[in-house]
Each structure stands twice: as C-alpha cells, then as structure tokens.
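Please look over the sequence and the 3D structure shown here before reading on.

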Amino acid sequence: MDVRRFAGDAVPMAEYTLAVSEAEIARYRMMARHAIAGESQQLALAGVADGAVVADVGCGPAAMSVEIARIVGPSGRVIGVEREEEALRAARQVVAESGLENVELRHGTATATGVEPGSVDVAMMRHVLAHNGGDEQRIVDHLATLVRRGGTVYLVDTDLTGMRALDSNPELADLGPRYAEFHAVRGNDPQVGLRLAALLGAAGLGPVAFVGLYNIVTMPPGMRPPLWAARDAMLAQGAATESDVARWGAAFERLDAAVVRPTFFAPLFVAAGRLP
Ligand SMILES: C[S@@+](CC[C@H](N)C(=O)[O-])C[C@H]1O[C@@H](n2cnc3c(N)ncnc32)[C@H](O)[C@@H]1O
C-alpha cells in the first residue's frame, strides 16, 4: 500500500482500518444495544417493523443485524452485506450464537452489494460512510436503488470532532483529535454525520427523520475505543508512533483497574429518507 504521511494528502483506501477482536465485538454489541434503546422512534418511522426486509450494508460483526432481525421477526429478514472477510467471519459467529434464522450474510461492497434493486423495505448503513471519504454520495445513491417505492434508506454516523470524555486519563487526551486527523488524512470526513440528510436528499429521497443523539457510554474494563482497533493502520500511516501506542496501551490498562469508570459522550446522527 502506498503510504503517505502528510496531513491533507489523501491516503488510498485500500483496506478497512479497524481490526476485529473479541473486545471489538463486545463494543459493537454494546453500540447495538444503545442503538436499539436510543433509536426506537426513528427505526419505527423508517419502517423497521414486523415483517420488514432490511439490508444492513457494512454490517461488520452483525451485532446490529441480529438486533434488527429480532425486531422484524420470523416473517421479516435481514441481509447483512460486508466487504472484509475478517468481519464476515465474526458476523457468522455472532449470527450463529443468536440462534436467529432470518439473517443472511453476503460478501459485497457498499456500492456493489449484490442486493436486488427495489427488493428491500429499508437499506441501512451504520458507521460506514466515515470510512469511505469521497464515495459517500455514490454509496447513498446505490442504497437508494435497493429499496422498493415507499421504502427508506437509514443512515447513522458520527462527528468524531465532538467526542468528549469524563474521568478518562490525561495520557489519552490526544486520542480523539489524533483519530479524527488519521481519518481526515485518508480523505474521510470525520464530521460526516452532519451531512447525512443532505446525502439522502441528493439521492432523491424525501425527508423522514434527521436527529442528533448524544450516546453516553460508561466504558467497562477491557473495552477499547475504535482508535485502539485502528492502531496498526495508524502506525502504517505515520499517524501514531510506537511510543504513542505504548503510552495509550499502558493508560488503558491503568484505566481498566480504575474504580470510577470513564464515560464517553459520542454525538451520533440518524437520518432516514423515503423513496417516493
Ligand atoms: C465501524 S464498522 C460498523 C459495523 C456495523 N455497521 C455496526 O454499526 O455495528 C464498519 C464496517 O463497514 C465495513 N465497510 C467499510 N467500508 C465498506 C465498503 N466500502 N463496503 C462494504 N463494507 C465496508 C467495514 O469492513 C466494517 O466492518
């Protein structure tokens, strides 16, 4: 991979940057539980309900796919689409453990999902656009082709520059800005959450919902933020040094033993648009 080291100079998006581990899967499961609790109104407005067919594009380890599958029930279906083999393997394990039979996993990309056009009630994409700088509109345009008339595209993404932490650790104070800068150098938009409604509108979809939610997450011992899963990619890109990673690793270990758990405040944006 061609690695460049200068801010503002886009690094080619050859591969996804977050490695999948048991701790990462636990984080995805926690995010999915938060999403189900926090987005009930928007999910219902978008048509995620009994009997619906939902495509979850960039499903990762399928933590949210299985939660959606519980909502749509046995008469509905979730099609999880994922590009990375490592994530697909984790997804197969998560789906098998769930015991659900209405989740189908497929290999595909965000612009070539292989899902039949006009065949789903909801095309969902969560925390994927932030990793696909420059391709956001092409991806949302593709999602719009997957839904039937009256169906919806449902997008969730964040604003990395708006993250806050309480009772964290001074040695971790640079985590947020460094992670946002890492993405910006790759050509990604750390604030893509703010643009979700605009992306849906430009894809020809009518507005259904556009809300901002502040996710408040008390970090359990052993859990790590996304930056930790991206550390190898950050090292390769020159966005972190070995000594940064050692400092962050030691600080996380000290935090694991802290009685007062650190709390993270993460701004999330949820937008849904309907195909007329
Ligand atoms: C941050 S994870 C989110 C996973 C899941 N949507 C969730 O919210 O739990 C992003 C996932 O999208 C996948 N991904 C990123 N870009 C993709 C693309 N262009 N096509 C398909 N999958 C992609 C990654 O491999 C990763 O598994």
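The sections below take up the basis of the model, the ligand shell, several helices and the strands.

## Basis of the model

This is a predicted model, in which local features need pLDDT of at least 70 and side-chain atom pairs count only at pLDDT 80 or more, while totals for chains, interfaces and linings use all residues. Residues are numbered from 1 along each chain as its sequence is written.

Helices (H or I, at least four residues) and strands (E, at least two) are DSSP runs, numbered from the N terminus. A residue is called buried if 20 or more other C-beta atoms lie within 10 Å of its own, exposed if 12 or fewer do, and partly exposed in between, with C-beta atoms placed from the backbone.

## The shell around the ligand

There are 20 residues around the ligand, and Gly58, Gly60, Arg83, Ala110 and Arg126 come nearest; a residue counts as near a molecule if its C-beta atom, placed from the backbone, lies within 6 Å of it. By class the shell has ten nonpolar, six polar and four charged residues, where Ala, Val, Leu, Ile, Met, Phe, Trp, Tyr, Cys and Pro count as nonpolar, Asp, Glu, Lys and Arg as charged, and the others, Gly among them, as polar. Helix 1 (22-38) and helix 3 (63-72) each supply at least two residues of this shell.

## Helix 1

The end C-alpha atoms of helix 1 are 24 Å apart, which agrees with the 24 Å that its 17 residues should span at 1.5 Å a residue; the expected span is 1.5 Å times one less than the number of residues. Buried in helix 1 are Glu24, Arg27, Tyr28, Met31, Ala32 and Ala35. These residues cover an arc of only 140 degrees around the axis, which puts them on the same side of helix 1, the arc being that of the directions from the helix axis to the C-beta atoms. An α-helix has 3.6 residues a turn, so residues three or four places apart point the same way.

The buried residues of helix 1 pack against helix 3 and helix 8 (226-229), whereas the face turned away from the buried side carries the exposed residues Glu22 and Ala37. Met30, which is also found in helix 1, is partly exposed, with 17 other C-beta atoms within 10 Å. The C-alpha atoms of Met30 and Thr113 are separated by 26 Å, and the two residues lie 83 residues apart along the chain.

## Helix 3

Helix 3 is largely enclosed by the rest of the structure, because eight of its ten residues are buried. The buried residues are Ala63, Met64, Ser65, Val66, Glu67, Ile68, Ala69 and Val72. What covers them includes helix 1, strand 1 (53-57), strand 2 (77-82), helix 4 (85-98), strand 3 (103-107) and strand 4 (120-126). Just after helix 3, Gly73 takes a positive phi of about 70 degrees.

## Strand 2 and Glu82

Strand 2 is likewise largely enclosed by the rest of the structure, because six of its six residues are buried. Both of its faces are covered, with Arg77, Ile79 and Val81 on one side and Val78, Gly80 and Glu82 on the other. Strand 1 and strand 2 run parallel and are joined by five bridges, two strands being paired if DSSP finds at least two bridges between them. The bridge partner of Ala55 in strand 2 is Ile79.

Glu82 has its place in strand 2 and is buried, with 28 other C-beta atoms within 10 Å. Leaving aside its neighbours within four places in sequence, Glu82 is in contact with Gly58, Cys59, Gly60, Ala87, Leu88, Ala91, Leu105 and His107, where contact means that the C-beta atoms of two residues, placed from the backbone, lie within 7 Å.

## Helix 10

In helix 10 (residues 242-256), Trp248, Phe252 and Leu255 are buried. They cover an arc of only 60 degrees around the axis, which puts them on the same side of helix 10. On the other side, Glu242, Ser243, Ala246, Gly249, Ala250, Glu253 and Arg254 are exposed. What covers the buried residues of helix 10 includes helix 6 (175-185).

## The partners of strand 8

Strand 8 (residues 263-274) runs antiparallel to strand 5 (residues 147-158), and seven bridges join them. Strand 7 (residues 206-218) pairs with strand 8 in the antiparallel sense over twelve bridges, and Tyr214 stands opposite Pro267 in strand 8. Strand 6 (residues 164-166) pairs with strand 8 in the antiparallel sense over three bridges, and here Arg164 stands opposite Phe265.
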